[in-house]
Amino acid sequence: MTRISLTVDGAAVSDDVEPRMLLVQYLRERLGKTGTVIGCDTSNCGACTVHLDGTSVKSCNVLAVQADGGEVTTIEGLAQDGQLHPVQEAFRECHGLQCGFCTPGMIMQSVDLLKENPKPSEEEIRLGLEGNLCRCTGYHNIVRAVQHASGQGVTS
Amino acid sequence: MIPAQFDYVAPTSVEDALAALAEHGDDAKIIAGGQSLLPVLRMRLNAPEIVIDLGRIDSLRGVRDDGDAIVIGAMTPHSVVGADPLVNEHALLIARAVEHLADAQVRHRGTFGGALAHADPAGDLGAPVRALGASFVIQGAGGTRTVSADDFFVDLFETAIGDDEILTAVRVPKHTGWGAHYEKFVRVAHQWPIVAVAATVRVEGGAIAEARIGLTNMGSTPLRATAVEAALAGQPATEDAVRAAAAHAAERTSPPSDLNGDADYRRHLATVITRRAVLAAAGG
Ligand SMILES: Cc1cc2nc3c(=O)[nH]c(=O)nc-3n(C[C@H](O)[C@H](O)[C@H](O)COP(=O)(O)OP(=O)(O)OC[C@H]3O[C@@H](n4cnc5c(N)ncnc54)[C@H](O)[C@@H]3O)c2cc1C
Ligand code: FES
Ligand code: FES
């Protein structure tokens, strides 16, 4: 067992974990943060995307011990004071989801993308979301949602 | 799926990491960004007894100027390498290749040294570092040695790094002002290349004065297309001249055959992609 201490969605947490425990397991099974989901076994789908020390990572491909001392933000930490994050609002507004399974990861990656590039072109949005798969193939509305969140007109 | 159990240490210096490697020998595995290692451990293709994390060693991170070369620390994440001003000024080819590597999340975690140490023949960084004539700084208990890019890649997933050694940095000779392009041929987005070509050229008065070309996935290691380089030298940067030179791209290669294409298909593809890569590199 290894002792880890980190901040998750603004709260300090500390636990003994097996070194092999994945960050996504830690979030879901220890902290009950089931908003972050697991969509694959190969680190391809991006459903598990969270922010670690300010940048997006696939939490199924990071060990919890590697996040020791770090700061994690999950989909559950985006809304502030009962107000949805603008990207969450935009996904709702533009119907950027169908079954919703890819949505937590899509939103976390979109937030990261807009932080690095506040006014992305449609092409840049598609490239920026390359690591996130949507099985419902709802990409079109997802791209619109990101355009909307960035304050740009949406392509029809 | 989760990995089998292992112990874990996170040393804060290269010396401590080397001591841990020496103590545990074959039972130990280094983890850098974990973007290739963790999938392997999760599929239980490997089950080390102890994992040594280089992530807390600050001296392995960052890019610095070293006279006629730039030095990229092994633990520098792909996203940092791609955006680094020194890399973009003196080794544009590397920045161009990083843009096409994996996806944003993987680029945030995966490291320059980890990708090269992993030595996947379809990996996107081997061809550009070979083309640029980089050298690899490898540290062991006995001190530090430097290995040329031509000697670093030994075979599929095999490099010159010994079991008791750590790759600490990669020295890339400056190619200031050279045009560069990485052309990656994939079937769908976000995939490993079927074939890719890394091209960097120095254009002088409309002609290609010098060219350096690396090939991805055309053999068990990244390759240099020296015949194309020789054929390009002194040629005008025109479609016809570049096409003629690029026809040599598949010489002395041994590409794999798999579901994405057989070896003959890859040989043909290499000539087409080389032409595109060189023309794009010469164009700016
Ligand atoms: C979804 C996905 C898509 C990807 N797509 C691509 C792609 O398109 N192109 C591409 O090139 N790569 C791709 N990758 C792999 C990516 O480049 C990895 O970042 C890289 O291969 C490994 O870097 P790492 O730092 O994560 O190393 P790790 O996974 O931590 O280590 C890899 C191996 O190298 C060894 N090692 C690491 N660092 C050192 C060191 N300093 N000294 C000695 N040994 C060391 C480790 O022991 C291990 O065996 C992809 C990965 C994923 C998960
Ligand atoms: S669950 Fe992490 S990438 Fe699919
Ligand atoms: S909305 Fe169903 S997977 Fe994307």
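These questions and answers cover a predicted model.

Residues are numbered from 1 along each chain as written, with chains lettered from A and ligands numbered from 1 in written order. Local features need pLDDT of at least 70, side-chain atom pairs count only at pLDDT 80 or more, and totals for chains, interfaces and linings use all residues, while side-chain values use heavy atoms, leaving out hydrogens and water.

Trainee: Is V13(A) buried or exposed?
Mentor: Buried means under 20% relative accessible area, exposed over 50%, partly exposed in between (1.4 Å probe, protein chains only). V13(A) has a relative accessible area of 18%, so V13(A) is buried.

Trainee: How does M43(B) count by relative accessibility: buried, partly exposed or exposed?
Mentor: M43(B) is part of a nonpolar surface patch with M1(B) and L45(B). Its relative accessibility is 41%, so M43(B) counts as partly exposed.

Trainee: What area is buried between domain 1 and domain 2 of chain B?
Mentor: Domain bounds come from an automatic or database domain assignment: domain 1 is 7-53 and domain 2 is 61-173. Buried area is the accessible area (1.4 Å probe) that two parts lose on being put together, summed over both. Carbon and sulfur atoms give 69% of the total, which is about 1,000 Å².

Definitions and conventions: Patch = residues over 30% accessible without salt bridge, like charges linked within 9 Å, V, L, I, M, F, W, Y side chains within 5 Å. Areas by Shrake-Rupley, 256 points an atom, 1.4 Å probe, with all protein chains shown as cover. Salt bridge = Lys/Arg side-chain N within 4 Å of Asp/Glu carboxyl O.
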